[in-house]
Amino acid sequence: MTRDDALALDAADPLAPLREQFSLPPGLIYLDGNSLGVLPRATAARVQQAVTQEWGEGLIRSWNGAGWIDLPQRLGDKIARLVGAGPGELVVADSTSVNLYKVLAAALAMVRADAPQRRVILSERSNFPTDLYIAQALAQAQGCELQLAEPEELPALLGASTAVLMLTHVNYRTGRMHDMAALSAAAHAAGALVVWDLAHSAGAVPVALKQDGADFAVGCGYKYLNGGPGAPAFVWVHPQHASRFWQPLAGWMGHAAPFAFTPGYQPAPGIARYLCGTPPVLSMVALDCGLDTVLAAEPLGGMAALRAKSLALTRLFAERVEATCPQLQRVSPREDALRGSQVCFSHPEIAYPVVQALIARGVIGDFRAGDPSHPAGAVDVLRFGFTPLYLRHVDAWDAAEHLREVLASGEWQRPEFNQRHAVT
Ligand SMILES: *Cc1c(COP(=O)(O)O)cnc(C)c1O
């Protein structure tokens with residue numbers, strides 16, 4: 001494969017026009033859409049309209065007049081189309097961390113109502129820290145226990161004491177993707193429920209929540225859904241569970257009649273009870289623009305077409321890096337079926353300054369620190385996310401070439417690249 005081959009792939013790419021939806025700084029190769037998606041062109045004007053007209057002129061009338069009050073459901077229905085859920089089953093609210101707390105608490109309550117001896121939340125040792133922190137605190141408060149394991153150990157650990165299997169579908173460090181159908185079935189066979197975090201899946205890989213037997217799911221609005229910094233997150237509960245049990249954050253927006261102002265809590269039927277407080281309208285309209293950039297792929301083959309391009313991009317980049325940067329160790333799986341939309345490489349010493357030197361060249365990836373207490377995740381990684389909506393094959397080619405040059409030239413040694421910032 002040559003750079004000209006990459007250019008030819010772009011010329012023949014039916015998804016190429018989707019890049020026009022984004023306001024990308026010229027010359028930048030952005031490989032961090034798995035951390036913060038790119039700004040859609042439509043967002044600034046839409047937020048401006050929400051501020052000056054809907055808020056400025058409509059004022060409180062806009063809750064009805066501009067449909068603000070329905071935003072959690074309306075955006076939820078758009079996300080449902082991307083993750084294999086039905087209309088009316090998913091809402092946008094709060095953060096991923098908060099939504100995880102709600103569904104994990106509900107799942108524990110459901111299982112333990114019939115089987116109080118089940119007191120284990122089982123998860124992956126290298127799951128995203130906030131997921132583990134939330135589970136740890138909840139387990140402690142309820143006299144339960146969080147058990148951590150490596151991915152291949154999970155099926156054998158599901159048993160008579162397991163209440164909930166809580167997993168992130170695509171691992172934030174390694175990019176390894178779990179088999180949702182197989183693990184959901186294994187959890188159910190053991191008598192447990194399963195919670196999936198789709199932070200690195202929604203808008204990145206095809207997800208079939210209902211078909212694959214998920215019970216609960218949460219996910220993130222600011223990564224592959226391009227909702228903007230701190231965009232609200234989403235929560236889905238299988239319709240067979242949604243009207244059973246309360247989630248613990250019994251706020252008024254989850255009440256059956258929020259504007260009846262009655263003193264007693266009556267949860268709304270269905271997924272609406274997973275709402276808590278007032279929706280952040282300005283953030284919601286920004287997220288709406290981000291969702292439209294992903295849904296714009298529907299007439300071009302939707303998530304299946306995005307997935308095919310994402311795999312081509314990660315394959316191209318990883319193969320080039322492996323061929324030209326022998327100093328780096330590949331972390332992400334080689335098998336397409338096991339890989340999300342990102343590629344990571346590890347280096348025991350210089351991962352951080354190499355990423356900084358790449359950023360100075362206009363190639364934005366990120367760095368994730370290793371955890372010495374964790375055998376499979378002890379080493380620092382360079383992480384590169386590929387968003388097929390706005391990345392070209394030639395970007396993958398050029399990024400690999402920049403990485404080769406940074407390593408070969410030794411420019412990563414410059415002192416400014418070795419100074420740690422607060423956000424990595
Ligand atoms: C990004 C991410 C989060 C983020 O949670 P916030 O509450 O939005 O900070 C949670 N879980 C996983 C797996 C993530 O990748």
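Reader: Which side chains does Asp94 or Lys102 meet in a salt bridge, and how is such a pair read?

Author: A salt bridge is read from the distance between a side-chain nitrogen of Lys or Arg and a carboxyl oxygen of Asp or Glu, which must be within 4 Å. This is a predicted model, and in it the side chains of Asp94 and Lys102 meet with N to O at 2.6 Å. Lys102 is buried because its relative accessible area is 0%, whereas Asp94, at 30%, is partly exposed.

Reader: How many salt bridges does a search of the whole structure find?

Author: The search finds 22. One of them joins the side chains of Arg3 and Asp398, N to O 2.7 Å. Arg3 belongs to helix α1 (residues 3–11) and Asp398 to helix α13 (residues 393–409), so this pair ties together parts 395 residues apart in sequence. Arg3 is partly exposed at 36% relative accessibility, while Asp398 is buried at 18%.

Reader: What separates Arg404 and Glu401 in helix α13?

Author: About one helical turn, because the two are three residues apart in that helix. Their side chains form a salt bridge of 2.7 Å, N to O. Arg404 has a relative accessibility of 29% and counts as partly exposed; Glu401, with 25%, is partly exposed too.

Reader: Which residues are around the ligand?

Author: A residue is placed around a molecule when one of its heavy atoms lies within 4 Å of it. Here the residues include Ser95, Ser97, Phe128, Asp131, His200 and Tyr222. The protein buries 87% of the 390 Å² that the ligand exposes when taken alone. Helices α5 (96–114) and α6 (129–141) are the elements that give two or more residues to the shell.

Reader: Which residues form a nonpolar patch on the surface?

Author: Trp55, Leu59, Ile60 and Leu282 do, with about 440 Å² of accessible area together. Trp55 sits in helix α2 (residues 43–55) and is partly exposed at 49% relative accessibility. Leu59 lies in the loop between α2 and α3 (62–65), and at 47% Leu59 is also partly exposed. Beyond its neighbours within four places in sequence, Leu59 is in contact with Glu54 and Trp68.

Definitions and conventions:
Residues numbered from 1 in each chain as written. Predicted model: local features only at pLDDT ≥ 70, side-chain atom pairs only at ≥ 80, totals over all residues. Heavy atoms only, no water. Patch = residues over 30% accessible without salt bridge, like charges linked within 9 Å, V, L, I, M, F, W, Y side chains within 5 Å. Areas by Shrake-Rupley, 256 points an atom, 1.4 Å probe, with all protein chains shown as cover. Helix = DSSP H or I, 4+ residues; strand = E, 2+ residues; numbered from the N terminus. Buried < 20%, exposed > 50% of the residue type's maximum accessible area, 1.4 Å probe, protein only. Contact = heavy atoms within 4.5 Å.
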